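Welcome! Here is a short briefing to read with the sequence and the 3D view side by side. Take it one topic at a time and find each place as you go.

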Amino acid sequence: MNKFIVALALTFAMTTSVLAEDLLRIGSTKGSGNYQHASMLAKKLSELGIKSAPAPHNDQSDYTKKVNDGELELAQGNLIELTMSYYAELHHEGKPKQENLRLVGKSICLFTAYIVPIDSDIKTYADFKGKNIGSEWTGRPTLERLNLAFLRNGGLTWDDVKGVPVSGLVESWKLYKQGRIDSMVAAIGAGSMKPINAAIPSRVLGFDSSSKEIVNQTFGTEFRGYEFVNVQPGPWEPMVKEPIDVICVPYMIYTHVNASDKRIYEVAKALAVAEFTEPFMRTFDKNNVATPKNGIPYHRAAIRAYKELGIYKD
């Protein structure tokens, strides 16, 4: 009997080990639109035969480095952090370029803008002059740059507002609900926005995209690959009260140059047939997964998969 129990335990341990090795872990942050995207991506890949789960980290820069170093097989996240890591720009300046990173596919367009209380007198981004804005973003450096882009849309800089230091999104959500800051960066349509809107009824503040000069002023040189898109009000996001322009944050799926060809080929093939019904994933387009961005190369196995399907864009 004891021998049987030992044999059974060994079999279970071996099976668990195989399953753990077979599980595709997808780098993500915690409790944000980024995590929601990773969760929905993992769910879809699992449905398509690739067992997957999010691997939460404090910041995208943390798990991106792990991918570059070959310690994590797959990740997803915004284009600016991926680009700055690859080229060692902005907060990565002076560090080694993370040139082992490779694209696997383009995913959604995550919509972002500031939200303000519904009865706020702030009507444009120029109205933030003298207002309290979450600043510094010590735990999420790309968000410091994103907030600056928001301010630039109104012709402002950090010198024109009252900065309230925050470490990351969760702290900014808390300060916004307490009324200590006048706006908050929103992942529009994300589930994480629902309790905030319930606590402080809010509206999304649309951007000014009326001229090429303003567009260039907003995005600067760092947000290459980003664009304004027009969104309509609807049940997908109650805080959108009228047709407005918001920022499209391209979300990319990426890996390491030496990641398994078999695995990445399977992921690429799955992305090329994936369809999502969730409103948050409404901008995913299986026909555009092979879209290049910012000169970051695709993984060789993804290229092979997309060429076979006739959708690879050089």
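**Two loop residues with positive phi**

- Asn294 is found in the loop between helix H9 (261–271) and helix H10 (300–309); helices (H or I, at least four residues) and strands (E, at least two) are DSSP runs, numbered from the N terminus.
- The phi of Asn294 is positive, near 55°, in a residue other than glycine.
- Asn294 counts as partly exposed because its relative accessibility is 21%; buried means under 20% relative accessible area, exposed over 50%, and partly exposed in between (1.4 Å probe, protein chains only).
- Ala88 sits in the loop between helix H4 (79–87) and strand E4 (101–117).
- Ala88 is not a glycine either, and its phi is positive, at about 55°.
- With a relative accessibility of 13%, Ala88 counts as buried.

- Residues are numbered from 1 along each chain as its sequence is written, and side-chain values use heavy atoms, with hydrogens and water left out.
- The chain has a mean pLDDT of 93, and 93% of its residues reach 70 or more; pLDDT is the predictor's confidence in each residue, from 0 to 100.
- Over residues 4–20, however, the pLDDT is below 50, and this stretch has one contact in the model beyond near neighbours in sequence (contact means heavy atoms within 4.5 Å).
- Where pLDDT is low, the predicted coordinates should not be read in detail.

**Strand E3 and its partners**

- Strand E3 covers residues 74–78, and five of its five residues are buried.
- E3 runs parallel to strand E1 (residues 24–28), joined by two bridges; two strands pair if DSSP finds at least two bridges between them.
- To find this pairing, look for Ile26, which stands opposite Leu74 in E3.
- E3 also pairs with E10, in the antiparallel sense, over five bridges.
- Here you can look for Gly77, which stands opposite Met252 in E10.

**Thr255 in strand E10**

- Thr255 lies in strand E10, which spans residues 244–256.
- Is Thr255 buried or exposed? At 0% relative accessibility, Thr255 counts as buried.
- A polar atom of the Thr255 side chain lies 2.6 Å from the backbone oxygen of Glu73.
- Leaving aside neighbours within four places in sequence, Thr255 is in contact with several residues, including Val67, Leu74, Arg102 and His299.

Definitions and conventions: Predicted model: local features only at pLDDT ≥ 70, side-chain atom pairs only at ≥ 80, totals over all residues. Polar contact = N/O pair within 3.5 Å; in protein donor to acceptor, adjacent residues only side chain to side chain.
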